[in-house]
Amino acid sequence: MTKWKSHPISKYMDRFELTNTDFAEKLGVTRQRVSQIINQPGGTISVKLARKIVEITAGEVKYDDLFNWVPMTKAKKRAATKAGNKPERASTSY
């Protein structure tokens, strides 16, 4: 998995060799819910669940990661690769 396009939860799970099922059990949710959080950035997530994720990951996954993380577009990935840069995530504009 390419480090600069991964969701912060995926990075955490990779680091500790956890599956979606393993992480889901720690959170008390389904494997599908973990997958949904990772694959649908900007989707709905409760403050209670976000707090639990931050707590379980000892702050490695931050609230900002859960509510504002945006994957890079393919064009931005190509441009970053050509330039030799590997940004952590796409910037958000509000």
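The legends below describe close-up views of a predicted model. Residues are numbered from 1 along each chain as its sequence is written, and side-chain values use heavy atoms, with hydrogens and water left out. Because the model is predicted, local features need pLDDT of at least 70 and side-chain atom pairs count only at pLDDT 80 or more, whereas totals for chains, interfaces and linings use all residues.

**View 1. Thr-57 in the loop between helices H4 and H5.** Thr-57 is found in the loop that runs between helix H4 (47-56) and helix H5 (63-68), where helices are DSSP runs of H or I with at least four residues, numbered from the N terminus. With a relative accessibility of 2%, Thr-57 counts as buried (under 20% relative accessible area, 1.4 Å probe, protein chains only).

**View 2. Surroundings of Thr-57.** Leaving aside neighbours within four places in sequence, Thr-57 is in contact with Tyr-12 and Phe-23 (heavy atoms within 4.5 Å). Tyr-12 and Thr-57 are 45 residues apart in sequence, and their C-alpha atoms are 7.5 Å apart in space. A polar atom of the Thr-57 side chain lies 2.9 Å from the backbone oxygen of Ile-53, and the backbone nitrogen of Val-61 lies 3.2 Å from a polar atom of that side chain.

**View 3. The salt bridge of Arg-15 and Glu-60.** A search of the whole structure finds 1 salt bridge (a side-chain nitrogen of Lys or Arg within 4 Å of a carboxyl oxygen of Asp or Glu). Arg-15 forms a salt bridge with Glu-60, and their closest N and O atoms are 2.4 Å apart. Arg-15 lies in helix H1 (residues 8-15) and Glu-60 in the loop between H4 and H5, so the pair ties together parts that are 45 residues apart in sequence. Arg-15 is exposed, with a relative accessible area of 55% (exposed means over 50%, and partly exposed in between), while Glu-60 is partly exposed at 32%.

Notes:
Helix = DSSP H or I, 4+ residues; strand = E, 2+ residues; numbered from the N terminus. Polar contact = N/O pair within 3.5 Å; in protein donor to acceptor, adjacent residues only side chain to side chain.
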